[in-house]
Amino acid sequence: SIGTEYVSEQKVVKKMNNINIFLASEIIEISEHKTYLELTSRICYYDDTNANGVMLPFDDTTEDKAQTLISMPVQAKYKTNKKGEPTFGSHEMCKDNKGNVFFNTSSIGTHTEVYIKPDTIKTFGGEIKKLPCLFAKYRVWKRYKNVVGAVQRLFSLNKLFSSWEIIVSAYEVKDGIKKLTEYEFEANTLLGFEFATPS
């Protein structure tokens, strides 16, 4: 819910109680350990918009915001596809009879490290750019054998996607672009392409 709105020269600044936003990331590497899989993902890029018209700015607060992902959960909803193969669902967002929103996913791991470095990416606008990007390492616990099977299958198909979750407390809107100015990472959810398309 929006608390205060300021308007000045086509720029809207919104202070909010909190809102959840989900955006896509790319898994680039998996290594196997005795009790867990370690995944490395490019979580997001900064200073450009995504398909939802949302941008994370790169500034002197970015590193501190990135650190909020450490120790936060990796989420997933294990499913099988029509062929009975292991996969994942989506964020599985639901509402109860009182209108409260919740996510029917389970914690399957945790984030252990984040770092920011430049990377060449293709933006949602189709341009090739070198931008600062947030990378994360996280563990998926091997005690969940079905989940591990889904991770390995989807990664081998180059179709293991994830969508990060953040809680936004303030943003600005200018020229139709929502620039998030105050936020914390809440989780990262692994997605199955049969049931979910990253935003």
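1. Helices (H or I, at least four residues) and strands (E, at least two) are taken here as DSSP runs, numbered from the N terminus. With that convention, the place of Asn158 is the loop between H2 and E12. The structure discussed in this note is a predicted model, and the points below should be read accordingly.

2. Asn158 deserves a comment on its backbone. Although the residue is not a glycine, its phi is positive, at about 60 degrees. Most residues other than glycine have a negative phi. The side of the chain on which Asn158 sits is open to solvent by the accessibility criterion: Asn158 has a relative accessible area of 66% and is exposed, because exposed means over 50%.

3. With a relative accessible area of 55%, Ser71 is exposed.

4. A positive phi also occurs at a hairpin. Two residues lie between the strands in the hairpin of E12 and E13, and Asp175 takes a positive phi near 55 degrees there. The two strands run antiparallel and are joined by 14 bridges. Within this pairing, Ala170 stands opposite Glu182 in E13.

5. Strand E4 (residues 54-55) runs parallel to E13 and is joined to it by two bridges; Met55 has Lys179 in E13 as its bridge partner. Strand E5 also runs parallel to E13, again through two bridges, and Gln75 stands opposite Thr189 in E13.

6. Which residues have the most contacts inside the largest nonpolar core? They are Ile43, Leu56, Leu134, Ile166, Leu180, Tyr183 and Phe185, in a core of 17 residues. At least two residues of this core come from each of strand E3 (36-45), strand E11 (128-141), strand E12 (160-174) and E13. The greatest contribution is that of E12, with four residues. A second, separate core has 16 residues, including Ile27, Ala76, Val147 and Ala150. In soluble globular proteins, nonpolar side chains tend to be buried together.

7. Residues up to four places away in sequence being left out, Leu134 touches Ser41, Arg42, Ile43, Cys44, Tyr46, Ala66, Val114, Tyr115, Ile116 and Phe185. Ile43 and Phe185, in this list of contacts, are also among the residues with the most contacts inside that core.

8. The charged pairs form the next topic. The count of salt bridges comes to seven. In one of them, Arg153 pairs with Glu85, and the closest N and O atoms are 3.1 Å apart. Arg153, at 15% relative accessibility, counts as buried, because the limit for buried is under 20%. Glu85, at 29%, counts as partly exposed.

9. Glu194 counts as partly exposed, at 27% relative accessibility.

10. A network of salt bridges that share partners joins Asp48, Glu127 and Lys129. Within it, the side chains of Lys129 and Glu127 meet at 3.9 Å, N to O. Lys129, at 26% relative accessibility, counts as partly exposed, and Glu127, at 45%, is likewise partly exposed.

11. Is Thr87 buried or exposed? Thr87 counts as buried, at 0% relative accessibility. This residue is in strand E7, and a polar contact of 2.5 Å joins its side chain to that of Glu194. Neighbours within four places in sequence aside, the contacts of Thr87 include Lys77, Tyr78, Ala150, Arg153, Leu154, Gly192, Phe193 and Glu194.

Definitions and conventions
Residues numbered from 1 in each chain as written. Predicted model: local features only at pLDDT ≥ 70, side-chain atom pairs only at ≥ 80, totals over all residues. Heavy atoms only, no water. Salt bridge = Lys/Arg side-chain N within 4 Å of Asp/Glu carboxyl O. Buried < 20%, exposed > 50% of the residue type's maximum accessible area, 1.4 Å probe, protein only. Polar contact = N/O pair within 3.5 Å; in protein donor to acceptor, adjacent residues only side chain to side chain. Contact = heavy atoms within 4.5 Å. Core = buried A, V, L, I, M, F, W, Y, C linked by side-chain atoms within 4.5 Å. Pairing = 2+ DSSP bridges.
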